[in-house]
Amino acid sequence: MAKSAREWFSNWNITSLKINASFLEVELDFRDEDKKAAWELYVELLTRIATQPLPNNHGDEKAALDSIYAIFPTTRDILKKYGSDCIQFSKIAIIVLNQIIRPFTAEWHGKSLKGDFNDPVQCLEFRKDLEKLQINLRNYMRLLSEIAQVEDLTDLED
């Protein structure tokens with residue numbers, strides 16, 4: 001059964017996006033290519049720091065930022081691989097890239113270039129911002145698992 005874009009986003013608490021109101025009322029009916037694309041991105045997100053905890057005494061902020069940024073080329077590759085046959089997936093993926101991930105990477109890329117990752121206070125701030133981003137990306141993963149029609153493993157390790 002097709003749901004509107006509004007229902008898809010609301011169901012997974014992805015509601016702070018600025019989206020054309022007419023798009024929100026469009027029914028999204030996912031094809032096999034949409035499902036395959038959703039599965040591929042789901043696996044990528046499931047195994048990245050983008051959605052996994054980063055304890056304060058572990059990891060590296062720059063490596064975490066690079067991993068988040070790598071979602072862009074990964075998503076682009078998936079979109080190119082499936083082409084216009086995954087247009088419904090594309091509509092969601094592009095919005096998430098541009099409105100959820102891009103503001104985070106743009107802010108922290110600039111700060112990293114200024115050397116902010118050498119400042120423990122800024123590193124802590126990065127980790128707080130990363131935790132906020134992770135909430136949105138975990139919700140996005142749940143949405144992707146539903147599109148792909150697979151069991152959601154988002155909370156497998158919680």
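Buried would be under 20%, exposed over 50%, and partly exposed is in between, using a 1.4 Å probe and protein chains only. Before I go on, this is a predicted model, where local features need pLDDT of at least 70 and side-chain atom pairs 80 or more, while totals for chains, interfaces and linings use all residues. Numbering runs from 1 along each chain as its sequence is written, and side-chain values use heavy atoms, leaving out hydrogens and water.

So where does Ile 94 sit? It's in helix H6, residues 87–113; helices here are DSSP runs of H or I, at least four residues, numbered from the N terminus.

Next, a helix pair. H4 (residues 61–69) and H5 (residues 71–82) pack at about 20°, axes 4 Å apart. Axes are lines fitted to C-alpha atoms over the stretch in contact, and angles run from 0 to 180 degrees between N-to-C directions. Under 35 degrees counts as roughly parallel, so that's what H4 and H5 are. Touching, meaning heavy atoms within 4.5 Å, are Ser 67, Ile 68 and Tyr 69 of H4 with Ile 71, Phe 72 and Pro 73 of H5.

Last, the largest nonpolar core: 39 residues, with Phe 89, Ile 101, Leu 137 and Tyr 140 having the most contacts inside it. That's buried Ala, Val, Leu, Ile, Met, Phe, Trp, Tyr and Cys joined through side-chain atoms within 4.5 Å. H7 gives the most to this core, eleven residues.

Methods: Helices (H or I, at least four residues) and strands (E, at least two) are DSSP runs, numbered from the N terminus. Angles under 35 degrees count as roughly parallel, over 145 as roughly antiparallel, 65 to 115 as roughly perpendicular and the rest as oblique.
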